[in-house]
Each structure stands twice: as C-alpha cells, then as structure tokens.
Amino acid sequence: MSDIGSEEFEEEEGINLGSYEGDRNEGEERHGFGKATLPNGDTYEGQYEHGKRNGNGTYRFKNGAKYVGEYSKAKKHGQGTFWYPDGSRYEGGWVEDRRNGHGIYYYVNGDTYEGNWYEHQRHGQGTYTYASTRSKYTGTWVNGKREGSGELIHSNHRFIGNFVENNPQGVGKYKFDMGCEQHGEYLLEEHLQEGDTEEDEQITIITPKWKCTRIGEMESIMAE
C-alpha cells in the first residue's frame with residue numbers, strides 16, 4: 001500500500017498558481033469548471049469554488065498517479081478512486097485527503113481489502129483476500145492490523161477466534177470441510193534468536209502455538 005504521490009499542490013497558496021482556463025467569479029477567483037496546469041507539473045480538471053477544488057474533478061500527478069472523485073475545499077472528500085504510482089488502486093470514501101469509510105484497495109500483488117477505513121488505515125470490519133492462496137481473513141481491524149474477533153478462511157478449513165497484533169491468540173476453533181472441528185487455544189511462546197554477529201544481542205521472538213483441547217463433529221452435523 002503506497003501513499004507516495006498522494007499529496008496535491010495547494011493552488012490557493014503562493015503567487016504562482018500555474019496556468020488556468022475556465023470559469024471565474026466576480027472576484028476573479030477560479031469558480032465553476034476549469035482546467036489547470038500547476039507549477040509542479042500536476043494537472044487538474046474539474047469544479048472549483050472560490051479558488052479551491054470543490055465538487056467532482058480529476059487530478060493527475062506528474063509521477064503517473066491519478067485521482068478521480070469528489071473534493072471539498074481543495075481536499076479529497078466524499079467518494080473517489082485513486083491510482084497510486086506503484087500500480088495499486090483505492091476506490092471508496094475519503095475525508096480530508098485520507099481514506100475513510102468503506103472502500104476497496106487493490107494491491108499490486110493481487111491482494112484485495114474491502115471494508116472500513118479510518119485515517120488511511122484498515123479499521124473496523126473488513127475482508128482481506130490473499131491472491132496467491134485465495135485464503136481470506138474477515139473480521140475486525142484496528143489501525144491496519146487484525147485485532148479482535150475474526151475468521152481466517154482457507155481452501156478446506158477455517159479458523160474462528162480472536163486476533164491480537166495480526167496473530168491468533170486465545171480460545172478458538174478450526175472447522176474442516178470433512179465435517180469435523182477442533183477446539184483449543186493459541187498460546188504465546190517465546191524464543192531467543194541469535195544476532196548476526198557475536199556482538200549483536202539476542203532477540204526475543206514471540207510466536208503463537210496452537211494447543212488442541214477437543215476434537216469432534218461439527219455442531220451443524222450433530223444437530224441433524
């Protein structure tokens with residue numbers, strides 16, 4: 001996920017505002033529809049209000065990035081699509097130039113995330129799909145990480161439980177397509193990892209380890 005190239009030139013600042021063709025109001029402010037080439041090489045085509053980008057418009061960055069969507073007082077605000085320089089793309093809600101609300105992010109490696117955003121981060125309920133394995137996580141996110149209740153779904157089984165800092169932790173269960181389920185919990189284990197040289201200090205690595213407590217048929221099958 002890349003936010004490089006997402007900062008836009010503030011047209012209302014400075015003396016040199018670049019070239020402009022379009023509507024103006026009585027005060028000679030950019031007002032209505034117009035096309036602008038900005039001093040840094042970026043271009044904007046769309047609606048203005050009192051000298052600021054306001055309404056629908058298209059902003060093209062000289063590095064190849066592009067935003068098409070709504071503006072309010074010169075900031076991306078409302079619904080819009082952003083094509084990033086690295087080839088990734090975001091479609092969804094914006095609040096004051098930041099990804100907020102519901103949206104879909106298409107990553108360069110083919111992964112996708114669809115769900116809630118807050119301040120550019122995955123935050124709230126959402127589903128992340130991994131292109132290489134077609135596995136997916138659906139559940140709660142906090143500041144870009146899996147946090148809280150969630151479900152990690154694979155091709156022939158799934159894990160349902162709690163996540164902390166992206167990793168499963170605590171009580172949960174695995175459900176297998178063959179018709180059985182495994183109950184247990186993830187416990188944290190500490191491991192010491194040697195440094196690259198003798199002078200480097202040892203590093204403590206904490207990893208979750210699954211401990212099974214019970215195996216049985218899935219509840220839906222038993223109910224039948």
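Student: What is the relative accessible area of Tyr130?
Tutor: Tyr130 has 24%, so it counts as partly exposed. The cut-offs are under 20% for buried, over 50% for exposed and partly exposed in between, with a 1.4 Å probe and protein chains only. The model is predicted: local features need pLDDT of at least 70, side-chain atom pairs count only at pLDDT 80 or more, and totals for chains, interfaces and linings use all residues. Residues are numbered from 1 along each chain as its sequence is written, and side-chain values use heavy atoms, with hydrogens and water left out.

Student: And how many aromatic pairs does the structure hold?
Tutor: It holds 31 aromatic pairs. Tyr130 pairs with Tyr128: the ring centres are 4.7 Å apart and the planes meet at 45 degrees, so this pair is tilted. To count, the rings of Phe, Tyr or Trp (its six-membered ring) need centres within 6.5 Å; under 30 degrees between planes is stacked, over 60 is edge-to-face and the rest is tilted. Tyr128 is buried, at 10% relative accessible area.

Student: What sort of aromatic pair do Tyr174 and Trp210 form?
Tutor: Tyr174 and Trp210 are edge-to-face, with 5.0 Å from centre to centre and 90 degrees between the planes. Tyr174 sits in strand β14 (residues 167-176) and Trp210 in strand β16 (residues 203-217), so the pair ties together parts 36 residues apart in sequence. Strands here are DSSP runs of E with at least two residues, helices are runs of H or I with at least four, and both are numbered from the N terminus. Tyr174 is buried, with 15% relative accessible area.

Student: Which residue lies over the face of Tyr106?
Tutor: Arg89 does, at 4.1 Å from the ring centre. Arg53 likewise lies over the face of Tyr44, at 5.7 Å from the ring centre. The test is NZ of Lys or CZ of Arg within 6 Å of the ring centre and within 35 degrees of the ring normal.

Student: Change of topic. How many disulfides are there?
Tutor: There are 0 disulfides. A disulfide needs two cysteine sulfur atoms within 2.5 Å.

Student: Now the overall picture. How many strands and helices are in the chain?
Tutor: The chain has 16 strands and 1 helix. Of its 224 residues, 35% count as buried. The chain exposes about 13,100 Å², with 46% of that supplied by carbon and sulfur atoms. Those areas come from the Shrake-Rupley method with a 1.4 Å probe; for residues, only the protein chains shown count as cover.

Student: How does β2 run relative to strand β3?
Tutor: β2 and β3 (residues 43-49) run antiparallel, joined by 6 bridges. Strands count as paired when DSSP finds at least two bridges between them. Gly34 has Gly46 of β3 as its bridge partner. The β2 and β3 hairpin has 5 residues between the strands, and Gly41 in that hairpin takes a positive phi near 100 degrees.

Student: And how do β3 and β4 pair?
Tutor: They are antiparallel, over 6 bridges. Glu49 stands opposite Lys52 in β4. This hairpin has 2 residues between its strands, and His50 in the turn has a positive phi of about 50 degrees.

Student: Which residues does Gly55 touch?
Tutor: Leaving out residues up to four places away in sequence, Gly55 touches Gln47, Gly69, Glu70 and Tyr71. Contact means heavy atoms within 4.5 Å. Gly55 is in strand β4 (residues 52-60). Gly55 is partly exposed, with 24% relative accessible area. Its C-alpha atom is 8.1 Å from that of Gly69, 14 residues away along the chain.

Student: Last one. What is phi of Glu28?
Tutor: Near 65 degrees, a positive value in a residue other than glycine. Glu28 is in the loop between β1 (19-24) and β2 (30-37). Glu28 is exposed, at 53% relative accessibility. His120 has a positive phi too, about 75 degrees, although it is not a glycine. His120 is in the loop between β9 (112-118) and β10 (121-129). His120 is buried, with a relative accessible area of 10%.
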